[in-house]
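I opened the model today to look up strand pairing and helix packing. My notes follow in the order I checked things.

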Amino acid sequence: MHPVLVLVRKDFTNFFRNKAAVSLTFLVPFVMIWLFGLVFGVNRKDSGPTGIPIAVVNASTNPAAQTLIDALRAEKSFRVITTTDDAAQRPLTEADLRPLMQAAGARFRFAVVIPEDLISATQLGLHLKFFSNPRNEIETQTVNGLLQKTIFSHVPELIGQSLQARAKQFLGDTSFTRFNAALASAISTAFGGDRAEIERQIASGDFGFDQLRKAKPVDPTLRRLDTPPAAAGSNNPAPAATTTPAPAAMDVFSKIVRFETEQVVGANVKNPAATSLVGGWAIQFLLFAVSASAASLFRERDAGIFQRLLASPVTRAHILWSKFLYGVTLGLLQLVVLFLASSVLYGTEVLPHLGLLALVSVFAAAACTSFGMLLAAVSSSPEAASGLATFLIMFMSAIGGAWFPITFMPEFIQQFSKITLVYWSMEGFSAVLWAGQSFVQILPILGVLGAITAGVMSLAIWRFNRGTIFG
Amino acid sequence: MLSLRSVTKRYGTLTALDGLSLDLARGEFFGLLGPNGAGKSTTMSLIAGLRAPDSGTLTLDGAPLTAASSVARLSLGLVPQHVALYPELSADQNLRIFGELYGLRGADLRARIDAALEAVQLADRRREPVKNFSGGMARRLNLVAALLHRPKLLLCDEPTVGVDPQSRNAIFEYLERLNREGLTVIYSTHYMEEATRLCSRIGIIDHGKLHALGTLDELLARLPFEEEIRFPATPVTAPLAARLAVHGELTTENDTHRFRPHPSFKLSAFFALAESHDLPGRLFTSQRPTLEALFLHLTGRTLRE
């Protein structure tokens, strides 16, 4: 057997005898993926935020305000709080909000006030107040967007009321009443119906949104932007990244602004959130695993094993390539296990793409292993290597898109992320799992990962030959 | 068999070996004696091909010894200073790996592993991870791991550091047996007792230079005294000690005077002087000088400095 293979087999024997290492490589990432899935709401049935505590203060006498509160209660993204949590349980007021939201361990960090002048005669539209104590801007925007969607989806008559109030103020009482009566009469004459009832509906701001709700979509094959795609051949629609409002309410707006949307990539992917996230998590775990195995170079050096090996018919190249081969094989194993875990836990479609996924995994594992080798080559001790590894893995994962979509990042970081192996590994996984690309289509990504491996490995070998690892 | 000619090795500004020349015949048990930092390990690593000399040549059976010389590597076995084994693996697995690296396979490898473990009394512990072994057991395994491929030349770099007396003795007996069977051994140590017991020829090295080379008798003959007399350092013996300084070397260590008389100062004269100070003969012990004394004589410092 070639010395490289003897050494690789030795590393695997060593690895599988070390239960802690096996557990850290396979079991811990499995558990972490499951845990992350819980944290980020990635599971088979549903996704998106749920139960965001939001305080609602109703200072309006408009009956629609209560409808609005009911709609917010029905929205799964929110957990509506309307009373104080003391024994009195009195309704919250606007004055309560600031101190409660500023308090340590606040019950809620977002609040909506429905003021007395919810519908104003002097201004078109609704008047609402939004209070927030956000942890970041994206959180605020998410909550704000969810609120607006819920309000306009579920209580559209408020818009009609606003238009009526503004018209009344603009035309004056007499002209306004005459206008509504004339409009009701014309509708009644043209389409039938009770003229008095039609006039009452117009005056209350009801422009027939309820009829729109009942109407069927013009083209049932078209899917709206805010509804999740139905998985091909599956009865289980895949969850969308955002909360889906009640279909009836959404119909109102699909009639007003009708988006014809087409998801050009990944439309048939089961559990798209898990599919896109698992690659990022897997590559992080792999980086940690290979950087830990790189530390074995230091252990072997310090134990004098390299002396013994190099005094035998083993060369430095044999040692380095055996470590590389071991890292790639272990990485491949780990990635396959993690993807299978995501298949079991979240229904990610791995098996149909197993061949190409394994190929991308080999290239990703090679890039990660070369990174681990470089760490060992440039570090003076296992402690230094470990510290440097933690920093670089976190850095690459953050800017490479493993934690967060890079489209949300500043443009220069988006450019910078493209020099990280995390980015290209995730691109490879996405190309296979999300876009369902062919071997030929993923060749450029494999080429980039191969180039990263060659470059980093060359640098590592150059450093090894000048460093102290071989004494 | 092995020849080193004017070998020099530097690490930056430090000269670890300074023009070392040495010839070894087949079947020799050669001791390289010197304190820490003397250049013993550097010599071993150059012979093992782990490092290249800055100047000079090394040959084994006439062929140059270089890092790239794979044939030479098959003729060498190195017992490193550390226990260079995989602690998580069993004794059996460790030996299998090192045997396979030398191209050994199948029944032959199996037989050699069995014999090696029997020889160092570890056959009944063969399935245990090395991390569970005592220091002495690990050292014994460390030794046989270098012997599976039956090298012509065994390099032992301080192989008994931290070993209990029982294991040390087992290692000595095994090495002596191998040497009787024809194995050439280079044994580096800073323990003069080990060199005295094991080595047919000894080289004394310090600061990268070979200060003396020869058999034990040849080396000790270089001392300007044939006996060393020891007596307690007390007020009673102080007047005698004061008078001895002109007749030889007198050192004091741990409340004991060690007197090494000049060749011209006969033992009879010494005892006559002691008698003149009314000191009884039982206070004095006389013994043959040691390599420690030779090292001190040659370098002005002790082996453990």
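I looked up the bridge partner of B:Phe30 and found B:Ile186, in E8(B). The model is predicted, so I read all of this as prediction.

Next I checked the two strands around that pair. Strand E3 of chain B covers residues 29-33, and strand E8 of chain B covers residues 184-189. I note five bridges between E3 and E8, and the two strands run parallel.

Then I traced the whole sheet. I get an open sheet of six strands in chain B, in the order E6-E7-E8-E3-E9-E10. The pairing is mixed. Which strands stand at the edges? I find E6 (76-79) and E10 (209-214) of chain B there. Each has a single partner strand, so one side of each lacks a neighbour in the sheet.

Helix H1 of chain A (residues 3-17) packs with helix H3 of chain B (residues 91-101). I read an angle of about 165 degrees, with the axes 9 Å apart. Angles over 145 degrees count as roughly antiparallel, and H1(A) and H3(B) are therefore roughly antiparallel to each other. The crossing of H1(A) past H3(B) is left-handed.

Last, I listed the residues that meet. From H1(A) I have A:Pro3, A:Val6, A:Lys10 and A:Thr13. From H3(B) I have B:Gln93, B:Ile97, B:Glu100 and B:Leu101. I sorted the residues of this contact into four nonpolar, two polar and two charged.

How values were computed: Residues numbered from 1 in each chain as written. Chains lettered and ligands numbered in written order. Predicted model: local features only at pLDDT ≥ 70, side-chain atom pairs only at ≥ 80, totals over all residues. Pairing = 2+ DSSP bridges. Helix = DSSP H or I, 4+ residues; strand = E, 2+ residues; numbered from the N terminus. Axes fitted to C-alpha atoms, helices over the stretch in contact; angles between N-to-C directions. Parallel < 35°, antiparallel > 145°, perpendicular 65-115°, else oblique. Left-handed = near helix turned anticlockwise from the far one by under 90°. Contact = placed C-beta atoms within 7 Å. Nonpolar A, V, L, I, M, F, W, Y, C, P; charged D, E, K, R; others polar.
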